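This briefing covers one protein chain. Please look at the sequence and the coordinates before reading the points below.

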Amino acid sequence: MDVLVLEDSQELRQVWCDFLEDEGHTITAVDNAESAMAAMHEQPYDLLMLDLHLERGTSIGVSHYARTALPDCRIIMITGERVFAHGNHMAEMPGVEWRLRNPVPLPELAALIDSAAQYASRQRR
């Protein structure tokens with residue numbers, strides 16, 4: 001599965017990328033929203049893992065763009081804050097299927113990625 005990871009913390013980005021590569025996925029990693037948008041212009045992705053709060057703004061615009069440009073792409077939004085605790089992220093960030101809070105338990109992340117992979121497999125048929 002092709003995964004785009006947007007995380008501005010180099011250390012956390014590396015942890016996620018290592019984990020995803022160990023699971024057999026192809027990863028593109030970026031540290032800002034502009035690079036994420038450019039990457040989506042270059043190729044389609046099956047899954048986006050987006051850090052909500054970035055050094056320069058948020059990734060909400062990325063999720064909005066992905067919903068139009070990559071309608072079959074699944075989106076995981078990750079944040080260190082307790083925002084959107086009651087599911088109201090759906091109105092703010094259309095297309096975001098899952099919201100996780102850091103630190104992300106890797107088994108939980110693996111389960112969501114498996115679900116996204118199954119969806120991507122069905123879409124390719």
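The structure is a predicted model. The protein chain has 125 residues, of which 44% count as buried. Its secondary structure comes to 5 helices and 7 strands.

**Confidence**

- Across the protein chain the mean pLDDT is 88, and 89% of the residues reach 70 or more.
- Confidence is highest in β2, at 98, and lowest in helix α4 (residues 89–92), where the mean is 55.
- Where pLDDT is low, predicted coordinates should not be read in detail.

**Order of elements**

- Read from the N terminus, the elements follow the order β-α-β-α-β-β-β-α-β-α-β-α.
- The chain thus listed includes helix α1 at residues 10–22, helix α2 at residues 33–42 and helix α5 at residues 106–124.
- Among the strands are β2 at 26–30, β6 at residues 74–79 and β7 at 98–101.

**Salt bridges**

- The count of salt bridges is 2.
- One of them pairs Glu34 with Arg56, with 3.0 Å between the closest N and O atoms.
- Glu34 sits in helix α2 and Arg56 in the loop between β4 (53–54) and β5 (57–58), so this pair ties together parts that are 22 residues apart in sequence.
- Arg56 counts as exposed because its relative accessibility is 59%, and the cut-off for exposed is over 50%.
- A salt bridge also joins the side chains of Glu97 and Arg74, at 3.2 Å from N to O.
- This second pair links distant parts of the chain, 23 residues apart: Arg74 belongs to strand β6, and Glu97 to the loop between α4 and β7.
- Glu97 has a relative accessible area of 24%, so it is classed as partly exposed, a class that lies between 20% and 50%.

**Negative surface patch**

- Asp18, Glu21, Asp22, Glu23 and Asp114 form a patch of negative charge on the surface.
- Helix α1 is the main contributor to this negative patch, giving 3 residues.
- Glu23, also a member of the patch, is placed in the loop between α1 and β2.
- With a relative accessible area of 42%, Glu23 is partly exposed.

**Residues far apart in sequence**

- Glu23 and Ala110 are separated by 87 residues in sequence, while their C-alpha atoms are 8.4 Å apart in space.
- Ala110 lies in helix α5.
- Ala110 has 16% relative accessibility and so counts as buried, the cut-off being under 20%.
- Within this pair, then, Ala110 is buried, whereas Glu23 is partly exposed.
- Met1 and Ser121 are 120 residues apart in sequence, and the distance between their C-alpha atoms is 8.8 Å.
- Ser121 is likewise found in helix α5, and its relative accessible area of 32% makes it partly exposed.

**Cis peptide bond**

- The peptide bond that joins Asn102 and Pro103 is cis, with omega at about 0°.
- Pro103 is part of the loop between β7 and α5.

How values were computed. Residues are numbered from 1 along each chain as its sequence is written. This is a predicted model: local features need pLDDT of at least 70, side-chain atom pairs count only at pLDDT 80 or more; totals for chains, interfaces and linings use all residues. Side-chain values use heavy atoms; hydrogens and water are left out. Patches are made of residues with over 30% relative accessible area and no salt bridge: like charges are joined within 9 Å, nonpolar side chains (Val, Leu, Ile, Met, Phe, Trp, Tyr) within 5 Å. Accessible areas come from the Shrake-Rupley method with a 1.4 Å probe; for residues, only the protein chains shown count as cover. A salt bridge is a side-chain nitrogen of Lys or Arg within 4 Å of a carboxyl oxygen of Asp or Glu. Lys and Arg count as positive and Asp and Glu as negative; His and the chain ends are not counted. The place of a charge is taken as NZ of Lys, CZ of Arg, CG of Asp or CD of Glu. Helices (H or I, at least four residues) and strands (E, at least two) are DSSP runs, numbered from the N terminus. Buried means under 20% relative accessible area, exposed over 50%, partly exposed in between (1.4 Å probe, protein chains only). pLDDT is the predictor's confidence in each residue, from 0 to 100.
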